[in-house]
Amino acid sequence: QVQLVESGGGLVQAGDSLRLSCTASGRTFTSYAMCWFRQAPGKERECVAASSWNGGNPVYADSVKGRFTISRENAKNTVYLQMNTLKPEDTAVYYCAASRRYSGSSYLPSLEYQYDYWGQGTQVTVSS
């Protein structure tokens, strides 16, 4: 079992930056694919940034490409989401998720059902 805890959310103004952290405990997650999902009110949850187990070739949603960066420190069991040039439309609850079923694979899952472990979420609010 893996427990995930997100931190770093908050209220910021448009154009500001935030860095979210997700720390795993329990079983090691070093071989798991990771994704940062977000869910805005009335919208479906979407994977905005995904990282394979070794951090190579991350994948981003078009809406955040060039502004968000996912990275991971496996030695610290932590994955990060650096969010720059934030926009009001980035307002959402952000969740980190770990996929065990694709352990050690270069394949990057992007759908909710492909992820096995979830954090509780952290709110990001961007004011205009």
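The following exercises, each with a worked solution, concern a predicted model.

**Exercise 1.** Determine where S99 is placed and whether S99 is buried or exposed.

Solution. Begin with the secondary structure: S99 belongs to strand β9. Next, consider accessibility. The relative accessibility of S99 is 0%. Buried means under 20%, so S99 counts as buried.

**Exercise 2.** Identify the surroundings of S99.

Solution. Set aside the neighbours within four places in sequence; S99 is then in contact with Y32, A33, P109, Q114, Y115 and D116.

**Exercise 3.** Carry out the corresponding analysis for S103.

Solution. First, locate the residue: S103 lies in the loop between β9 (92-99) and β10 (117-118). Third, list its contacts. Beyond the neighbours within four places in sequence, S103 is in contact with S31 and Y32. Finally, the S103 side chain reaches the backbone oxygen of R100 at 2.6 Å.

**Exercise 4.** Describe the largest nonpolar core and the core that lies apart from it.

Solution. The largest nonpolar core has 30 residues, and those with the most contacts inside it are L4, W36, L81, M83 and Y94. Strands that each supply at least two residues of this core include β1 (2-7), β4 (33-39), β9 and β11 (122-127). Another core, of nine residues, lies apart from it; A33, F37, C47 and Y95 are among its members. In soluble globular proteins, nonpolar side chains tend to be buried together.

Note on methods:
Residues numbered from 1 in each chain as written. Predicted model: local features only at pLDDT ≥ 70, side-chain atom pairs only at ≥ 80, totals over all residues. Heavy atoms only, no water. Helix = DSSP H or I, 4+ residues; strand = E, 2+ residues; numbered from the N terminus. Contact = heavy atoms within 4.5 Å. Polar contact = N/O pair within 3.5 Å; in protein donor to acceptor, adjacent residues only side chain to side chain. Buried < 20%, exposed > 50% of the residue type's maximum accessible area, 1.4 Å probe, protein only. Core = buried A, V, L, I, M, F, W, Y, C linked by side-chain atoms within 4.5 Å.
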